[in-house]
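Please work through the exercises below with the sequence and the model side by side. Each task is followed by a solution that goes step by step.

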Amino acid sequence: MSEQEGIALSSLLAAAARALALVFLVAVLVQLFPLALAEPAWQMGLCSVLVAQAPLALIAHVLLHAAAGVLPADRRLAAARDRWRRWAVAASFGFLLLLPLQGWATWRGMMSAYQQQSSQRLQAEQRSRALQQAIAQAVSIPDLQARFQALGGPQLTPADRNLPLPQLRRQLQANLQAASTRVRDRLRGPSPDQMLVILRDGVRLPLSALAFAAAFAAGAQGRRISSDLNYLRQLEGQQNAPIQAVSLLTELTSLRLPRWRRARRGATGED
């Protein structure tokens with residue numbers, strides 16, 4: 001590969017990495033707003049979007065490393081690679097934090113749904129008992145209509161008003177019983193299919209978050225390797241320093257030795 005081709009390929013890989021990172025950030029930021037930190041639905045949505053969009057961030061991380069590998073002499077790419085490695089450490093810890101967050105949000109969401117359904121079921125039962133009492137205690141059709149209006153109940157049609165009170169009472173009681181049964185069925189709780197979906201998400205999201213945490217942790221290892229290599233080079237330089245000092249001293253001694261010999265010969269009168 002020629003130098004120009006390497007530069008072009010490196011630029012393409014870096015541009016693709018930045019584009020994927022931007023798409024990831026936009027998808028996550030859209031999910032963040034409006035902020036509702038205490039809401040289980042918001043927490044579950046955040047976990048889902050992070051896990052769903054995490055492949056984009058991971059591919060962007062790999063592409064930037066590839067760009068820096070294709071053109072190792074480019075200092076800007078090397079600096080960006082080191083910066084992204086630091087971000088990978090934060091991303092790894094962030095995906096690990098999704099594990100308790102997702103479990104907590106799922107548990108709170110289910111408890112909140114059960115409490116809401118229990119409250120709605122209690123209100124429906126109280127309303128049904130009040131209407132049953134109004135039907136049983138009414139002495140005439142106008143009295144029944146007045147009791148229904150006071151309770152916010154159904155309005156009697158002209159056909160209902162033409163019926164005898166005992167027949168109308170039996171008809172209204174049957175309709176009320178059928179309506180109460182439908183409400184109880186609707187507020188009974190999550191269906192088996194809904195529970196299966198909840199369990200699937202409860203398994204899929206934590207395992208996916210754990211896998212992405214490991215992947216980003218591996219992507220951050222290059223920073224540690226680079227620092228270890230620099231430390232080894234410094235250590236090697238420190239170990240070679242005494243050898244270099246001895247070598248330098250030997251060279252200086254060899255230069256000064258002839259002068260010392262000539263001075264000695266002059267003092268003894270030797271030719």
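This is a predicted model: local features need pLDDT of at least 70, side-chain atom pairs count only at pLDDT 80 or more; totals for chains, interfaces and linings use all residues.

Residues are numbered from 1 along each chain as its sequence is written, and side-chain values use heavy atoms, with hydrogens and water left out.

**Exercise 1. State how many helices and strands the protein has, and what share of its residues is buried.**

Begin with the elements, which are DSSP runs numbered from the N terminus (helices are H or I with at least four residues, strands are E with at least two). The protein has eight helices and zero strands. Next, take burial, where buried means under 20% relative accessible area, exposed over 50%, and partly exposed in between (1.4 Å probe, protein chains only). Of the 271 residues in the protein, 25% are buried.

**Exercise 2. Describe the aromatic pair of Phe-95 and Phe-216, and find which parts it ties together.**

Start from the rule that rings of Phe, Tyr and Trp (its six-membered ring) pair if their centres lie within 6.5 Å, with planes under 30 degrees apart counted as stacked, over 60 as edge-to-face and the rest as tilted. This rule gives four aromatic pairs. One of them joins Phe-95 and Phe-216, which are stacked at 5.7 Å centre to centre, with 10 degrees between the planes. Since Phe-95 lies in helix 3 and Phe-216 in helix 7 (residues 192-219), the pair ties together parts that are 121 residues apart in sequence. Phe-95 and Phe-216 are both buried, and together with Phe-212 they form one aromatic cluster.

**Exercise 3. Name the residues of the positive patch and of the nonpolar patch on the surface.**

Arg-18 lies in helix 1 (residues 3-32) and counts as partly exposed at 47% relative accessibility. The nonpolar patch, of about 540 Å², is made by Leu-25, Leu-29, Phe-33, Leu-35 and Leu-37. Leu-37 sits in the loop between helix 1 and helix 2 (40-70), and is exposed with a relative accessible area of 58%.

How values were computed:
Patches are made of residues with over 30% relative accessible area and no salt bridge: like charges are joined within 9 Å, nonpolar side chains (Val, Leu, Ile, Met, Phe, Trp, Tyr) within 5 Å. Accessible areas come from the Shrake-Rupley method with a 1.4 Å probe; for residues, only the protein chains shown count as cover. A salt bridge is a side-chain nitrogen of Lys or Arg within 4 Å of a carboxyl oxygen of Asp or Glu. Lys and Arg count as positive and Asp and Glu as negative; His and the chain ends are not counted. The place of a charge is taken as NZ of Lys, CZ of Arg, CG of Asp or CD of Glu.
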